[in-house]
Each structure stands twice: as structure tokens, then as C-alpha cells.
Amino acid sequence: MTVLPHVLHEHEPATPAIPRRLASTTTGSDRVFAAVARTTGLTVLLITGGIGVFLALQSVPTLRHYGLHFFTQTQWQPDADKLGIAAVLVGTVEVAAVAMFFAFPLSLATALYISEYAPPRVRGVLVSLVDLMAAVPSIIYGLWGFFLVEPHASQVALFLQKHLGWIPFFKVHADPDAAIWDRSRYTASAFCAGIAVAMMVLPMACAVMRQVFSQAPLGEREAALALGSTRWGMVRSVVLPFGRGGIIGGTMLGLGRALGETIAVLLIISPEFTIKPRILEIGTDTVSALIAGQFGEANGIQLSALLTAGFVLFVITLIVNTLAAIVVNRSRSGAGTDA
């Protein structure tokens, strides 16, 4: 005898669907990973916060002694009790600006070539070489800039003064048309130091940009090519709009690195505590180079002043890097990158 399956008639009520409950308990390995990640994050926050608190406390004697004039005074004369960081803050911005002027186009072009144009067999080698640049010690970049870049950069500075000397940034107090030009006026400047710092900034900015470019939607890439777009047209219409946040974030991360660079700048520049917009002329100083150069012989109020300068640089760098991290995190999900 054949048993027929039960047939649900229209007048019979249907059994309501009950959602199946999912277990929310984590396993042992998940708990360990969460605990390690949470501990690591808290440790980083504690270390960073501890550094900030230490520098802030050490800045109290300086602010009591000099007040707000410490931020407007240009001279650094411990014997005359005249200490201020106005000149070194301007020098820090000038060196960082020159570095980003060279690093931004180079890092953007390098990231685009690696992610979009380089053959697969070459791509891994290029990525390794760019990452290797980030591992080179800063003193090597400083020596490279002092012995190799500076002689050629001085000639470029002379050329810029001859043709663009009417612009205050490219003016040098020297005769560019002299029979024997004074090379010493064009060396040890913010321009020369900025070129060396640019090579140190390039790997970080390039890595961020390359990572964001690689996350551009494959479907949109193929759609642009299917509509007859060229490779550059696809990059311009899909990759660059999607990676706009990565470009901004990578540039800001590089700026944070450029603001705090020390040894390379210290080896190249000639310290001068005056505010001047002439980046091609000898003489400038940065906050980090000031601390490195004066810390060994500092004591008393001068030591507190150096720590105060470090606290100011710490706050500036922390703000720049935080904004960069926010922009990069948004760009990874594609948020905020739609044209």
C-alpha cells in the first residue's frame, strides 16, 4: 500500500516560521585574539598619551617663564635668556612643504604605475623596492642629500633665482649673474633638505595610495574598458575618483613624517633662527633638528624649552596623522570617494 504525503489544504493554517537562533558565544581562540587586540590598542594609547602628558608637564616651567612669547620669539639664545620657536616652526613648515612638493607627484605616479601599468612579474619587485626605501636609515638619506643632492640642488636653485627671482620664495641675497657665483649662498637650505626628506616620505605615501587604488571595483574597471575607454581613461574615471581619499590620506601621512624628520635635516641645513620665506637661501632650522642639535648640552630652562618645542611638534604631528588615518579608513570602504 502506498502512503500519500500529507497535502496542506487552503483552509488549514500554515505553521509560522520561527527564526533559528545563532550562538553568540565566542570560542577560545576568538577570545584570545580579541583580548590581545584590545590590549595592544590600549597599550598604544597609553604610550602615546603618556608621551603627551610627560611633554605637557615638562612644558609648564617654560610657559611660566616666557609665556606666549615663547611661540612668537625667533631667537634661540640661552645665554641671553631669549628662547622662542617661531623661526623653527616656519622652517619646519618650509622643509615639509618642499618635501611634499616633490614627494606627492612621485608617489602618485609610482602607485599608479605599480597598480595599473606594471607587468605582474615586475610588480612584486617594484613593491619590494619601494618598501625597502622605507627601511633605509634616515642618516643614509642625510649623507646622500649632503654629498650628492646638495651640489646639484644648488645649481637648480641658481636657475630658479635667475628666472623666478621676482617671487619672494625664490629670492636669494646674491648676484645670480656674477662671473663666479657664490655657491655657498645656495646650499644648506630648506630646498636641499626638502629634497632629501621627499625621498623618505615617498614610500609611505606610495604604499597608502597603491593599497587604495588596488581596491577600485573590478566591475567598474571592466565596464569602462568595455565602453571603449583607454587604460588612462579608465584610471581617470574609475581609479582616481575611488582612490581620492587614499591620495589625500597618504599625502597627509607623508606630511606627518616630513614634519618630524630629524637626522637628515640636521646633516644638511645650516641653523639660522630667523623667519624668512626664501627657501633657496642658506640657513633655516626645524623643531626636530633644533632638539637634536641642542639637547646634548641643554639644562635647566633650555631643556624645558626643548621639551616644549617637542610637545608642540607632537601635537601638530598627532593632528595631521589622525586626520590622515580618518581619511584613509573612509577611502578603504569607498565612502566619500564617489564623484
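This is a predicted model: local features need pLDDT of at least 70, side-chain atom pairs count only at pLDDT 80 or more; totals for chains, interfaces and linings use all residues.
Colleague: How are helices α2 and α8 oriented to each other?
Modeller: Helices (H or I, at least four residues) and strands (E, at least two) are DSSP runs, numbered from the N terminus, and axes are lines fitted to C-alpha atoms, for helices over the stretch in contact, with angles running from 0 to 180 degrees between N-to-C directions. Helix α2, residues 86-117, and helix α8, residues 244-260, have axes 9 Å apart and pack at an angle of about 140 degrees. Angles under 35 degrees count as roughly parallel, over 145 as roughly antiparallel, 65 to 115 as roughly perpendicular and the rest as oblique, and therefore α2 is described, relative to α8, as oblique.

Colleague: How many nonpolar residues are in the contact of α2 with α8?
Modeller: From α2 come T92, A96, A99, M100, F104 and L108, which meet I247, T251, G254, L255, A258 and L259 of α8. Ala, Val, Leu, Ile, Met, Phe, Trp, Tyr, Cys and Pro count as nonpolar, Asp, Glu, Lys and Arg as charged, and the others, Gly among them, as polar. On that division the contact of α2 with α8 has three polar residues and no charged ones, and its nonpolar residues number nine.

Colleague: How does helix α5 run relative to α8?
Modeller: The axes of α5, residues 190-213, and α8 come within 8 Å and cross at roughly 155 degrees. With that angle, α5 is, relative to α8, roughly antiparallel.

Colleague: Which hand does the crossing of α5 and α8 have?
Modeller: A crossing is left-handed if the near helix is turned anticlockwise from the far one by less than a right angle, and right-handed if clockwise. Where α5 passes α8, the crossing is right-handed.

Colleague: Is E116 buried or exposed?
Modeller: E116 is found in helix α2, and, not counting residues up to four places away in sequence, E116 touches F213, R221, R231, M234, V235 and V239. Buried means under 20% relative accessible area, exposed over 50% and partly exposed in between (1.4 Å probe, protein chains only). Because the relative accessibility of E116 is 7%, E116 counts as buried.

Colleague: What is the relative accessible area of D81?
Modeller: D81 has its place in the loop between β1 (76-77) and β2 (82-83), and its phi is near 60 degrees, a positive value in a residue other than glycine. D81 is partly exposed, with a relative accessible area of 38%.

Colleague: Where does A188 lie?
Modeller: Phi of A188 is near 55 degrees, again a positive value in a residue other than glycine. At 8% relative accessibility A188 counts as buried, and A188 lies in the loop between α4 (138-164) and α5.

Note on methods: Residues are numbered from 1 along each chain as its sequence is written. Side-chain values use heavy atoms; hydrogens and water are left out. Contact means heavy atoms within 4.5 Å.
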